[in-house]
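This report goes through one structure, from single residues up to whole chains. The sequence and the model are shown first.

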Amino acid sequence: MKKVLGAVCGVSALLFSVPSMAETTLTIATVNNSDMIRMQGLTSEFTAKNPDITVKWVTLEENVLRQRVTTDIATKGGQFDVLTIGTYEVPIWAKKGWLVPLANLGADYDVADLLPKIKDAVSVDGKLYAAPFYGESSMVMYRTDLFEKAGLKMPESPTWDFVIDAAKKVTDKDAGIYGICLRGKAGWGENMAFLTAMSNSYGARWFDEKWEPQFNSPEWKKTLTTYVDLMKQAGPPGASSNGFNENLALFNAGKCAMWIDATVAASMVTNPKDSKVADKVGFALAPNTGLGKNANWLWAWSLAIPAGSKKSDAAEKFIAWATSKDYTKLVASKEGWSNVPPGTRTSLYQNPEYLKVAPFAKPTLASIDAADPNHPTVKPVPYVGVQYAAIPEFQGIGTQVGQQFSAALSGSTTVDAALSAAQSTTEREMKRAGYIK
Amino acid sequence: MARMATTRRVAVSTAGAWLAGFLIFFPILWMILASFKTELEAFAIPPSFLFFHWTLENYATVQERSDYLHHALNSIIIAGGSTLIALLIAVPAAWSMAFSPTKRTKDILLWMLSTKMMPPVGVLVPIYLIFKTVGLLDSRIGLVFILCLGNLPIVIWMLFTYFKEIPRDILEAARMDGATIGRELVYVLTPMAIPGLASTLLLNLILAWNEAFWTLNLSTSEAAPLTVFIASYSSPEGLFWAKLSAASTLAIAPILVLGWFSQKQLVRGLTFGAVK
């Protein structure tokens, strides 16, 4: 028996990993976006300045990360010291007491330099709960050559009528050119991000002031009918399975005349290494219908500290470094100005060197400024968030509704059936969650 | 005439078998091909099959960005460890159920199988809390333990069916000659059950190697196996298929090679007892 015990202990000792105690090790959870990968590559610059801190990266797929991090925070597992989360999670998690407020970012951090809309999105009751790493809105990216050929001129802030008309005019299916590429893949962060933003511009809303779902409203019907008709006439085949990446590949291969999506895509479509149309892309604000709201969203991938972390001082040091002005300069000196993380600081949009290499800088800033998470819709709403409602139930409901709308796009159901299914699903879930009776 | 018909039949069934094999293998082949494409080509419509610009760039990026060996070693330890421990427990369990069944043996077998019917996510939070309390989060031993428990029902069931095929008389003869239970297990039963043991071992190894729920949720960095390595290459904003394919190819390579060398035992083991 003793021998067996000894063997078990020996094996356990081998299998257990013993971390060294001399220094603080930060575990940082993030997603695999190019700006984050760049940050990972520059870690040594941070550790050189902070020799008592070592950094470990955990990169995961977005949904896996969300599930993994939620489990850890809810159980106070303390596996992570810095989290990469979006503007959707920040207000929900902060209210639950899951995040540590960032009060010690340092004297030279310059909080006032953060773009006001982005700062609001990651603050609750005036306290910053996450630091924006890169921010984005959405806008129209279009092919200047195709527009010129068709004799069209894109206004700075186009209407949906113009966009629809232009999409039909430039579509040349025989040549494999489609007037417009839009998201169709089901998911609260996929097609619903686009469609919710689009519905805002048509005067629709997810819920009224009493949390009653509004999919039976004429505004939603107009939104979904317009979207489905437009995609049938001028969209690429199989659009119901296209998300950000699929559309990016289509646009870069020269198949789309217009693409309405995240502003962060601008640096990807204008990068000659990845894009066949790099020198033929123009930008404009997301379309509107004259009701006062454009079809653009607001999102910021941000760094936050979970309440369970025992190393919050070191974690805050890292966050201050990764979201500082100096970090922007560091990236610029190593990889060029066009590769700095966009959409977080006013000073970046006043930097002549950045403006010189980034033709998309001004429309990006204008798009971010045009989004208002606190007043996202034409009619009043009880929720915060442009392309989502910042309540925990939204992920589940949004994805179910997204599946209905994706089915309407693929033709396996009608617009009316999709809307009434969306209405009844949302009603059921909101009743279950206790928002309505 | 008869010979011609036979030849034709053989040709048709050979072609059919190759076609079926190719269809099953195609997704893996496609992944391997995609790993040699550029990101733009990996997404191209219509897709190019063989005539594209072959590149090793993705492998270089993966090599530069991740510590493949660290993840591979974790996978080997976790899959190997959980398989060995599962076998150590399952061989005596299956032996007793096959050769000295009681009234409740059938119920116990069914009860064990029923534990596989619950979706693992249902017990994620309790298991996570237990692991946190005993300090097993992000540890290899924790993953060995949980995967071993998860696969144990399958291992016992497989071994039970193999053992049942072995005539009791042989064991009785050994007992008549004065063999103890231990000797009976090691010298009589095990050699006869080797094909069954080998295929159980290999199947369990593959299941543990591919297990992606617990390994993703209970590991962070130290104990992270290849599943975590693969999951780190999917991107919400940016093209990733070529790099993801390269990472996946690297992740399945060891198990593919192992499967190739042991396919004889695997096929023999899976059909063992099919014909009496």
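A residue is called buried if 20 or more other C-beta atoms lie within 10 Å of its own, exposed if 12 or fewer do, and partly exposed in between. The model described here is predicted.

A:Gly292 has 12 C-beta neighbours inside 10 Å, so it counts as exposed. This glycine belongs to the loop that links strand E8 (281-285) to strand E9 (298-304) of chain A. Between A:Gly292 and A:Gly179 there are 25 Å in space, C-alpha to C-alpha, and 113 residues in sequence.

A:Ala408 is part of helix H17 (residues 394-410) of chain A. Beyond four places in sequence, the residues in contact with A:Ala408 are A:Leu224, A:Val228, A:Thr413, A:Thr414, A:Val415 and A:Ala418.

Most residues other than glycine have a negative phi. A:Lys76 has a positive phi, near 55°, and is not a glycine. A:Trp211, also a residue other than glycine, has a positive phi of about 65°. A:Lys76 sits in the loop between helix H4 (62-74) and strand E3 (82-85) of chain A, and A:Trp211 in the loop between H9 and H10 of chain A. The table sets out the neighbour counts of the residues discussed so far.

| Residue | Other C-beta atoms within 10 Å | Class |
|---|---|---|
| A:Gly292 | 12 | exposed |
| A:Lys76 | 13 | partly exposed |
| A:Trp211 | 19 | partly exposed |

How many residues of helix H9 (residues 191-201) of chain A are buried? The count is 11 of its 11 residues, and the helix is mostly covered. Among them are A:Phe194, A:Leu195, A:Met198 and A:Asn200. The elements that the buried residues of H9(A) pack against are strand E6 (131-143), helix H8 (160-170), helix H10 (218-234), strand E7 (258-262) and H17 of chain A. Just after H9(A) comes A:Gly203, with a positive phi of about 85°.

On the H9(A) side the contact is made by A:Asn191, A:Met192 and A:Leu195, and on the H17(A) side by A:Gly398, A:Val401, A:Gly402, A:Phe405 and A:Ser406. By class, this contact has 4 nonpolar, 4 polar and no charged residues.

**Chain A as a whole**

Chain A contains 18 helices and 9 strands. Its C-alpha trace spans about 80 × 55 × 45 Å along the principal axes. For 437 residues, a compact globule would have a radius of gyration near 22 Å; the value for chain A is 23 Å, which agrees. Of the 437 residues in chain A, 50% are buried. Among contacts in chain A with a separation of 6 or more, 74% are between residues 24 or more positions apart.

Chain A is divided into two parts: domain 1 (16-129 + 299-357) and domain 2 (138-297 + 384-432). Their C-alpha centres lie 29 Å apart. In the contact between them, 7 residues of domain 1 meet 9 residues of domain 2. The side of domain 1 that touches domain 2 has 5 nonpolar, 2 polar and no charged residues.

**The contact with chain B**

Between the chains, 32 residues of chain B are in contact with 31 residues of chain A. On the chain B side, two or more residues each come from helix H2 (39-42), helix H6 (124-134), helix H7 (140-165) and helix H11 (213-218). H6(B) gives the most to this side, with 5 residues. By class, the side of chain B that touches chain A has 17 nonpolar, 8 polar and 7 charged residues.

How values were computed. Residues numbered from 1 in each chain as written. Chains lettered and ligands numbered in written order. Predicted model: local features only at pLDDT ≥ 70, side-chain atom pairs only at ≥ 80, totals over all residues. Helix = DSSP H or I, 4+ residues; strand = E, 2+ residues; numbered from the N terminus. Contact = placed C-beta atoms within 7 Å. Rg over C-alpha atoms; globule rule 2.2 N^0.38 Å. Domains from an automatic or database assignment. Nonpolar A, V, L, I, M, F, W, Y, C, P; charged D, E, K, R; others polar.
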